[in-house]
Amino acid sequence: MAEKTLDCLGEACPVPLVKAQKELEKMQKGDVLIVNIDHSCAMKNIPDWAREAGHNVEIDEVGEGEWDIVIEKC
Amino acid sequence: MSENIGRIARSSGRRTQMSDAQRKRRKAVQIITGAALIAVIIVMAFVANQTNPKGAYIVIIGTLLGYALQRSRFCFTAALRDPFLTGGTNLTKAMIITFALYSFLLMAINITKFGISLDSVDFSKAAGYIRPVGFHTALGAFLFGIGAVIAGGCASGTFMRMGEGFLQQWVVVIFFIIGSMIGGVAAPIVQFKSAPVVFLPQLFGGWALAAFVQFSLLLILYIVADIWGRKKAGGR
Amino acid sequence: MSEEKINANKQKVDYWKILFKNEWSYVTGAVVIVVLATALVIVTGKSWGVTGILHLWGGKFLELIGVNADTWSIYNGALGKFNFWKSIPSITNVGIVLGALLSALLAASFKIKKIKSYKQVIAAILGGILMGVGARMAMGCNIGALFSGLSSFSLHGWVFFLFIFIGAMVESSMLKKWFM
């Protein structure tokens, strides 16, 4: 079960989601992707996409305006 | 298997760097600042009222709009861009809902004001923005769409993100203003005098048919967006 | 942290969460926005707009730094007549900034996001200018022409919808290539 972290702090709107999608495509089932973000759009559109695609998602607020989105590929 | 991600999330290095007391204090500082900001806004409403009898209401409505946009992460740019960039259409559908709802309410207001017959509709007093349509609309909208995706936010999105702390949007707004000034010179070149004002109820000979066309189109677009979103999600 | 402390704080934390912290669904946001926009129409008679006055802000700034812009053809005396508190979009724009700030603060999720690279600056400049010119040309932006215009049963709103969509589609497919 591999674990990869994607640092998207300071990235503008669609970038975190696009990067997360590309990264997750490369991963195996059971792998975990952690996306660090500070964009309010992303803390909603990344989990929405990941859940609709059938993965397990957890969002952790690690600080004011900063979130870690943990996606487990299913 | 999914207990694992809970464990990973909570042990993420950055979270444990601060003590809980520190974290609580930082949260409290933000909330207290927020409360102070409410006071500032109330003062602003009061000041507005000195010059404009409706000023206080406008200040409050504007504030609540910003609040609602931020709180729901609403973004028109994403609604238009995501179907192609990420395959997501949730915002697109929500945007279509705003059109349907607002259309309905504006229609209600206008019918109440002018009656169901269109003879007495005074465009300058009608609720809403009724403007000439033509080449300028197409070109302007096209340029706006490109600009909004590049800048990472549209008009409302820019102001919302300024308040959220995105310094990039503070730069965007400066050039938005400059662009507006440039537009003041460039726009009239493509705004032909022959461009007509087309009010759908007049075009379709009455509110009933216009409403039918408008709401049907919106419904169709909603369904298309829904199907598109499902197709894109399932494909992964 | 001890279990007792967590449980003792649970009541307070949940209350705050529901009222101020949790984000709203897109549909909730949609409904609230429409209600507020309608309130604006009822109170002022005018529909919500964002960009119609931006060139006036620019002109006022120029006046502040000593440029007599009011005589320019694009203003033609409009700057002299401009009063911030009588300019509805001016007030709502500032309101949006403050409201968004308030929302972030009350949810304790405010953070200043600094500019990360020169690419973001170029994007801001290019995007801003295109939006400014485009909105002026089309006689409205995503709020004035699209949200308000379309909902006003004006054809220009629908045309705006079609072409802003095309513009966004063209640009996002270019963005996709740029990232790969």
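## About the model

The model is predicted, so local features need pLDDT of at least 70 and side-chain atom pairs count only at pLDDT 80 or more, while totals for chains, interfaces and linings use all residues. Residues are numbered from 1 along each chain as its sequence is written, and chains are lettered from A, with ligands numbered from 1, in the order in which they are written.

## The sheet in chain A

Chain A has an open, mixed sheet of 4 strands, in the order β1-β2-β4-β3. At its edges sit β1 (3–7) and β3 (56–63) of chain A, each pairing on one side only. Strands here are DSSP E runs of at least two residues, and helices are H or I runs of at least four, both numbered from the N terminus; two strands pair if DSSP finds at least two bridges between them. On average, neighbouring strands of this sheet are turned by 20° against each other, ignoring direction.

Then there's helix α1 (residues 14–26) of chain A, which packs on the sheet and touches β1, β2 (32–37) and β4 of chain A. Its direction makes about 165° with that of β2(A) (axes are lines fitted to C-alpha atoms, for helices over the stretch in contact, and angles run from 0 to 180 degrees between N-to-C directions). Contact between two residues calls for C-beta atoms, placed from the backbone, within 7 Å.

One of the residues involved is V57(A), whose bridge partner in β4(A) is I71(A).

Among contacts in chain C with a separation of 6 or more, 40% are between residues 24 or more positions apart.

## Two positive phi values

Most residues other than glycine have a negative phi. M139(C), not a glycine, has a positive phi of about 65°, in the loop between α6 (118–138) and α7 (142–151) of chain C. M139(C) counts as buried because it has 24 C-beta neighbours inside 10 Å.

Over in chain B, R73(B) is also not a glycine and has a positive phi of about 55°. R73(B) lies in the loop between α3 (55–71) and α4 (76–85) of chain B, and its 22 C-beta neighbours inside 10 Å are why it counts as buried.

Notes
A residue is buried if 20 or more other C-beta atoms lie within 10 Å of its own, exposed if 12 or fewer, and partly exposed in between; C-beta atoms are placed from the backbone.
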